[in-house]
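Q: I have a structure open and would like to go through some of it. Can we start with how the helices pack?

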Amino acid sequence: MSVRLFLAQRLTALILAPLVLVHLGVIIYAVRSGLSAEEILGRTRGSLGWALFYGGFAVAVAAHGAIGLRTVILEWGGLRPGLATAVAWAAALILLALGLRGVWAVTAGGGL
Amino acid sequence: MTALDELEIRVWRGAADGHYQVFRAPRRANQTVLDVVSWIQREADPSLSYRFACRVGVCGSCAMTVNGKPRWTCRTHITKVAKDGRLTIAPLRNLPVIRDLACDMAPFFEKWRRARGRFEAAISRDDPLVPISPDSLERRAADAAVECINCAVCHAACDVVGWRPDYLGPAALNRAWVAWNDLRDRDRSAVLRAANAGAGCGNCHSHQSCAEHCPVEINPTRSIAGLKRAGLLALLRGSL
Amino acid sequence: MISAARNHPGYWAFLLHRLSGLALVFFLPVHFWVLGTALDEAAFTGFFAWTAHPLVKLGEWALVMLLAVHLTGGVRLLILEFLPWSEGQKARIAASFGLALLVGAAFALGLV
């Protein structure tokens, strides 16, 4: 692993750690009154704060997950480095696109 | 069950495509794994190939896989590893097998070279000695890692070496950590660059199998963590 | 079966970290896709009918555990790599797993 990929993996981990902690807190708080669409959307709809929070989450997780996946398929899958990098880029783009779409859906709801 | 006065030993024979051969050897009150291998070679099959020199845990040449774990055989007592009298002895993992229990150590030492583990002096022997305080951070870091006996037990224990054969591995990187902390070296940043290259310390997942098995209780994971830290600091400062 | 040379806490912790990370990379696109259905609120609300099912609840708990295990294990690794070394690595492995269990227990209590 190049030192730049290593740095990116650790940097995104450092960003994700507090975000995941807050996300877990929200999950545990929210599940006590039972999960429902209204409850979730009531919290997130129209909130710039949650949009930025989960938007940042989606960007960081796309990079972190893709770099991790690349390492796993290199070590356990025996793929050539070029192919592993291509798979990782595909994973990053899928995670990023679906992630940002999900954040858009629960915060802006398709309109502004 | 083996008899109380006897050991049953499966010994690897041949190269990578070899097989296990079963031997029986007398069990003694005070006996090391190397004693048993030597007994087989002297009394049962003189064609058995293995490597040893000092027999007292200094030279690092007698490491083998004993009941699935890499160990220095000269200081591993039978009572510790084979309570039921059964032993399986194989060559070290992650190195090409020459024959029987002897591995080709060339790739192992080639990695030391690639990790820039060799000391390069900044001054000649005619210059006065450079004073290094025994209390300095660098000296203490080097002290904790310098007593490696080059036995390759950590290299054999490391999963990442097995998965990515070009990975420099715990022994070479531990050596690089010593070189990085040696203030007398003429180009320490070259050490850091070599250790942080694509096959270097960034591949370590801190399983700590190296530290778990090191016979002289060095902790290569700790040394590698030091190289990661120093490498990232240098990268952020633009000096890597 | 874990081979003799791998059978120690450092390897167990690695395996847990890698498998949880791998599972999260495959779960996240599904999660994001479900959030994306909030663009059509009826479809989004429809998903919550599933959450009453005990098996789905067990699945939710497993997902929370995956996230918690990857978080606490990851923070342990960041500390291992970037803060001064400690000889208490095995205690830290136990502590990080214990913290993840605590999160799992808190979520399970909210679920019932």
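A: This is a predicted model. Helix α1 (residues 3-31) of chain A packs against helix α4 (residues 89-111) of chain C at an angle of about 25 degrees, and their axes are 8 Å apart. Angles under 35 degrees count as roughly parallel, so α1(A) is roughly parallel to α4(C).

Q: Which hand does the crossing of α1(A) and α4(C) have, left or right?
A: The crossing of α1(A) and α4(C) is left-handed.

Q: And which residues meet there, in α1(A) and α4(C)?
A: From α1(A) there are L24(A), I27(A), I28(A) and V31(A). They meet V103(C), A106(C), F107(C), G110(C) and L111(C) in α4(C). By class, this contact has eight nonpolar residues, one polar and no charged ones.

Q: OK, chain A as a whole. How many helices and strands?
A: Chain A has four helices and zero strands. From the N terminus on, the order is α-α-α-α.

Q: What does its C-alpha trace span along the principal axes?
A: About 45 × 25 × 25 Å for chain A.

Q: How much of chain A is buried?
A: Of its 112 residues, 32% count as buried.

Q: Switching to chain B. What is the reach of helix α7 (residues 169-180)?
A: α7(B) has 12 residues and reaches 16 Å from its first C-alpha to its last. That is close to the 16 Å expected at 1.5 Å a residue.

Q: Is α7(B) mostly covered or mostly exposed?
A: Mostly covered: 12 of the 12 residues in α7(B) are buried. Among them are P170(B), N174(B), R175(B) and W177(B).

Methods:
Residues are numbered from 1 along each chain as its sequence is written. Chains are lettered from A and ligands numbered from 1 in the order in which they are written. This is a predicted model: local features need pLDDT of at least 70, side-chain atom pairs count only at pLDDT 80 or more; totals for chains, interfaces and linings use all residues. Axes are lines fitted to C-alpha atoms, for helices over the stretch in contact, and angles run from 0 to 180 degrees between N-to-C directions. Helices (H or I, at least four residues) and strands (E, at least two) are DSSP runs, numbered from the N terminus. Angles under 35 degrees count as roughly parallel, over 145 as roughly antiparallel, 65 to 115 as roughly perpendicular and the rest as oblique. A crossing is left-handed if the near helix is turned anticlockwise from the far one by less than a right angle, and right-handed if clockwise. Two residues are in contact if their C-beta atoms, placed from the backbone, lie within 7 Å. Ala, Val, Leu, Ile, Met, Phe, Trp, Tyr, Cys and Pro count as nonpolar, Asp, Glu, Lys and Arg as charged, and the others, Gly among them, as polar. The expected span of a helix is 1.5 Å times one less than its number of residues. A residue is buried if 20 or more other C-beta atoms lie within 10 Å of its own, exposed if 12 or fewer, and partly exposed in between; C-beta atoms are placed from the backbone.
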